[in-house]
Amino acid sequence: MNCDWVKANITLYVYDELADDSRYELEQHVHRCGACAAELDNLRSFRTTLSSAPQLEPTPNLLTASRMRLQEALETAEQHHGWRLLDPMTWLRQMKFSSALAAALLIVGFAVGIATAWRIVPRGGPSSGLIAAGPNGTAPTEASIAGIRQITQVPGSDKVEIKYDTTVPQRLEGSLSDQRIQQLLLFAARNNYNPGVRQDSVNFLSQKPDDMHIRESLKSSLLYDSNPGVRLKALESLAPYVEEDTEVRDAVLQALQSDSNPGVRAEAIHFLVPVRGDSSVRQVLQKLATEDKSEFMRRQASRMLASMPEID
């Protein structure tokens, strides 16, 4: 065993992830090597410092952005890469687990599988048809949903029917004011791999943009969804709130500057007309008028600036 091997595996040792034989050899090396012993002390001190720091929860926007980027990467990845990503043997070949950790993973996986099957399959069996989304009719948890299959309007009513997958296809019917329906729509807008379903979801969510959770989801769809049709629909839904909600205004400004679709950018600058006198909007327009690569956007920004009174 040499110092390079110790440095490559010392983090695994500190977090109890080394196999017993490797752990013993590392300890013997550290007793003889002052440099590696100092490295071990520093890492232990660093771990103690991290453990004492408060654990911050990620913001909903950060989670949504990360999911969207992961989804886009998966959609554009080559198929065989995707299978390798889902192949547990690939992970096992790349990681060295202790026997205790491996046993714990097997036990936890077995227990979670039983618990998930118990929760998902209703007592009447999978042929029960229209079922409650969770215990006592509560909203389904995201962890139990494999994907949203279809969103449709129930003819002759204000109800929405959502078909979603767990281990077997399921469906839930209810009005847009139903929290279970809203949660499924929010899940579909953030996570579904079908852009048509995401667009349907945003379309229904846009009917209740006064709800702050829904408005947050619409902003995330505008900024991070990989499909321009979904982003455009989210933008149209948020447009009425550009004047009263500064966070919506900032999201529209960000879309105006960074969206890759010319149609989305053109709509964004159009929806900013009522607030073109705002200092942040004026600043973005001045930058677009002089620096934007699109001649159309430069002209539009210049026209909006020309229509505003001069600042004394």
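At what angle do helix H10 and H11 pack, and how far apart are their axes? That pair comes up in point 1, and the other points follow from there. Please keep in mind throughout that this is a predicted model.

1. **Helices H10 and H11.** Helix H10 (residues 212-224) packs against H11 at an angle of about 140 degrees, and the two axes are 8 Å apart. An angle over 145 degrees would count as roughly antiparallel, so H10 and H11 are oblique to each other. The crossing of H10 past H11 is left-handed.

2. From H10 come Arg215, Leu218, Lys219, Ser221 and Leu222, and they meet Val230, Arg231, Ala234, Leu235, Ser237 and Leu238 of H11. Sorted by class, the contact of H10 with H11 holds six nonpolar, two polar and three charged residues.

3. **Asp245.** Is Asp245 buried or exposed? Its relative accessibility is 10%, and the cut-off for buried is under 20%, so Asp245 counts as buried. Setting aside neighbours within four places in sequence, Asp245 is in contact with Met212 and Arg215. Arg215 is also one of the H10 residues that meet H11.

4. **Helices H13 and H15.** Here the axes of helix H13 (residues 262-271) and helix H15 (residues 295-306) come within 11 Å and cross at roughly 0 degrees. H13 and H15 are therefore roughly parallel to each other. Arg265, Ala266 and Ile269 of H13 make the contact with Phe296, Met297, Gln300, Ala301 and Met304 of H15. By class, that contact has six nonpolar, one polar and one charged residues.

5. Strand E1 (residues 147-153) pairs with strand E2 (residues 159-165) in the antiparallel sense, over six bridges.

6. **Asp16.** Which backbone angle of Asp16 is worth a look? Asp16 has a positive phi of about 60 degrees, although it is not a glycine. Most residues other than glycine have a negative phi. Asp16 is found in the loop between helix H1 (3-14) and helix H2 (20-32), and with a relative accessible area of 45%, Asp16 is partly exposed.

Notes. Residues numbered from 1 in each chain as written. Predicted model: local features only at pLDDT ≥ 70, side-chain atom pairs only at ≥ 80, totals over all residues. Heavy atoms only, no water. Pairing = 2+ DSSP bridges. Helix = DSSP H or I, 4+ residues; strand = E, 2+ residues; numbered from the N terminus. Buried < 20%, exposed > 50% of the residue type's maximum accessible area, 1.4 Å probe, protein only. Contact = heavy atoms within 4.5 Å. Axes fitted to C-alpha atoms, helices over the stretch in contact; angles between N-to-C directions. Parallel < 35°, antiparallel > 145°, perpendicular 65-115°, else oblique. Left-handed = near helix turned anticlockwise from the far one by under 90°. Nonpolar A, V, L, I, M, F, W, Y, C, P; charged D, E, K, R; others polar.
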